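Reader: I'd like to learn how to read a strand and its surroundings in a structure. Could you walk me through it?

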Amino acid sequence: MSGVFILRNVATDRVLDSNENGQVYTLPVNYCDYQKWKVVQYGTHVMLHNLATGIVLDSNFEGSVYTLSENKGDYQKWRMEGPGNETFFLTNVATGRVLDSNPEGKTYTL
């Protein structure tokens, strides 16, 4: 699946957001470009580019989530898995951990 999307946590109803400093968090939806993600297909994986900053969603084994310049490494690649019908999990290819967030807006992988 490729295109530009707003990614919403079903449990919190908050959307994935980012800033120029590489921080990633969730906020109530406001439809600005910082909340829009360009999904680019790489075989069976995707990379998520923040539309406002152009930088890529990344993660590490400690569970931190942030954005970095594109390097096409497995930490920047995600699998879209799950029930479908516009609902899915994002699993980091390198860590096998799933993107998650809490009601306070903190993002992490589990």
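Author: Happy to! This is a predicted model. Let's start with a pair of strands: β6 pairs with strand β7 (residues 65-68) in the antiparallel sense, over 4 bridges.

Reader: How many residues lie between β6 and β7 in the hairpin?

Author: There are 5 residues between the two strands, and in the turn Gly 63 has a positive phi of about 95°. Across the pair, Val 56 stands opposite Leu 68 in β7.

Reader: How do I read the two faces of a strand?

Author: Here is the general idea: in a regular strand, side chains alternate between the two faces of the sheet. In β6, Val 56 and Asp 58 sit on one side, with Leu 57 and Ser 59 on the other. Both faces are covered, as these four residues are all buried.

Reader: Is Ser 59 buried or exposed?

Author: Ser 59 has a relative accessible area of 0%, and because buried means under 20%, Ser 59 counts as buried. Ser 59 belongs to strand β6 (residues 56-59).

Reader: What does Ser 59 touch, leaving out residues up to four places away in sequence?

Author: Its contacts are Ser 64, Val 65, Tyr 66, Tyr 75, Trp 78, Asn 92 and Thr 109. With Ser 64 there is a polar detail to look at: a polar atom of the Ser 59 side chain lies 2.9 Å from the backbone oxygen of Ser 64.

Reader: How should I read charged side chains?

Author: In general, side chains of opposite charge can pair when their charged atoms come close. This structure holds 5 salt bridges. One of them joins Asp 13 and Arg 8, with the closest N and O atoms 3.3 Å apart. Another links Arg 79 with Glu 81, at 3.1 Å between the closest N and O atoms.

Reader: How accessible are Asp 13 and Arg 8?

Author: Asp 13 is partly exposed at 47% relative accessibility, and Arg 8 is partly exposed at 40%. For the other pair, Arg 79 is partly exposed at 26%, as is Glu 81 at 32%.

Conventions:
Residues numbered from 1 in each chain as written. Predicted model: local features only at pLDDT ≥ 70, side-chain atom pairs only at ≥ 80, totals over all residues. Heavy atoms only, no water. Buried < 20%, exposed > 50% of the residue type's maximum accessible area, 1.4 Å probe, protein only. Polar contact = N/O pair within 3.5 Å; in protein donor to acceptor, adjacent residues only side chain to side chain. Contact = heavy atoms within 4.5 Å. Pairing = 2+ DSSP bridges. Salt bridge = Lys/Arg side-chain N within 4 Å of Asp/Glu carboxyl O.
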